[in-house]
Amino acid sequence: MQGVLTGFAVIAVVIGVGFVIGRRGYLGEHGREVLTKLAFHVASPALLFTTLAEADLSVIFSNRLLVTALSTAAAAGVFVAVGVVRRWGVGRTTIGALCSSYVNAGNLGIPIAVYVLGDASLVAPVLLFQVIALTPIALTILDLSGQGEKGPLWRRLITPLRNPIAVGSLAGVAVSALGLTVPGPIMDPLTLIGNMSVPAVLLAFGISLCGSTVPGRGSDRHLVLLSVALKSVGQPAAAWALAAGVFGLRGAPLLDVVVTSALPAAQNLFTFASRYRVGEVLARESILLSTILSVPVLVVIAALLG
């Protein structure tokens with residue numbers, strides 16, 4: 001339980017600092033935008049490259065990854081189906097689907113994996129799946145739903161290769177798959193730059209809370225409430241059903257996949273929404289509400305399966 005409280009305390013403090021920065025105006029009126037661009041174009045690609053370049057890619061073939069992929073698809077698929085019926089638009093539906101299924105594996109997931117599950121590597125399947133498959137697919141859809149949609153076919157086909165986060169992720173996977181070792185004079189600066197990613201995202205998120213309305217009461221309240229319900233209850237329930245009913249997992253392995261699926265929506269989803277200027281309120285409120293709800297959800301899961 002200490003890992004849950006520690007992870008949330010760290011996030012809350014940094015977001016709180018961002019909120020104070022926003023209220024005081026220390027970074028000016030464009031502070032949030034600068035931090036968002038820094039995270040999207042520079043820090044996050046560096047973080048993903050350094051993380052995946054040294055990752056064990058054998059986890060791609062594990063049962064945990066299959067449960068992660070299927071439960072993610074189930075939660076996101078429900079949101080997409082409702083979005084199509086309700087005609088919420090490609091951009092907002094994509095952001096909402098991400099908020100329904102994209103877990104905070106890199107930031108909150110690591111301390112929880114260490115203190116609750118006892119092994120930081122247990123979050124690796126989720127992280128790899130999200131950065132290798134889910135992120136490039138979602139960002140490509142967002143790219144093609146905007147300016148890229150009107151460009152020539154060849155430009156649309158290479159959309160993933162023009163996205164810095166996708167490029168950083170795929171480059172890291174390539175280095176790991178080929179068994180290469182990145183020299184220290186190259187890896188060390190990238191590691192240092194990548195360390196800015198999480199603080200920048202959390203600070204930008206905190207700044208965005210200044211002047212915001214109570215979550216779940218705005219024009220996007222139906223999207224917010226649906227995404228939070230799917231993220232907090234739907235995805236962990238799907239993970240439990242798949243892990244126990246289909247793959248026969250019991251004990252610690254079952255607890256691992258259900259806990260990681262119950263993590264709240266990741267803060268970098270707000271970075272994506274801000275970068276593409278779509279669904280920003282949806283992302284901000286979904287992240288905030290799912291983060292609050294994930295505390296009791298994780299406590300209940302640990303009590304039932306631990």
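This is a predicted model: local features need pLDDT of at least 70, side-chain atom pairs count only at pLDDT 80 or more; totals for chains, interfaces and linings use all residues.

Tutor: Residues are numbered from 1 along each chain as its sequence is written, and side-chain values use heavy atoms, with hydrogens and water left out.

Student: How many cavities of 30 Å³ or more does the structure hold?

Tutor: On a 1 Å grid over the protein atoms alone, a cavity is a set of points where a 1.4 Å probe fits but cannot get out, and its lining residues have an atom within 4 Å of a point. Volume is the space filled by probe spheres set on the points, which are joined across faces, edges and corners. The number of cavities of 30 Å³ or more is 2.

Student: Which element gives the largest share of the lining of the largest cavity?

Tutor: The largest cavity has a volume of about 60 Å³, and its lining includes V67, T68, S71 and Q235. Helices (DSSP runs of H or I, at least four residues) are numbered from the N terminus; α3 (63-86), α11 (221-246) and α12 (251-261) each give two or more residues to this lining. The largest share, 4 residues, comes from α3.

Student: Which element gives the most to the lining of the second largest cavity?

Tutor: The second largest cavity, of about 40 Å³, is lined by R64, T68, L122, P125, V126, D256, V257 and T260. At least two lining residues come from each of α3, α6 (124-144) and α12. The most, 3 residues, come from α12.

Student: Which residues touch the most other members of the largest nonpolar core?

Tutor: A nonpolar core is a set of buried Ala, Val, Leu, Ile, Met, Phe, Trp, Tyr and Cys residues joined through side-chain atoms within 4.5 Å. The largest core has 69 residues, and α6 gives the most to this core, with 9 residues. The members that touch the most others are I95 and L269.

Student: Is C210 buried or partly exposed?

Tutor: Buried means under 20% relative accessible area, exposed over 50%, and partly exposed in between (1.4 Å probe, protein chains only). C99, at 1% relative accessibility, therefore counts as buried. At 24% relative accessibility, C210 is partly exposed.

Student: What is the count of disulfides?

Tutor: A disulfide is a pair of cysteine sulfur atoms within 2.5 Å. By this rule the count is 0.

Definitions and conventions:
On a 1 Å grid over the protein atoms alone, a cavity is a set of points where a 1.4 Å probe fits but cannot get out, and a pocket is an open set with protein on both sides within 12 Å along at least five of seven lines; lining residues have an atom within 4 Å of a point.
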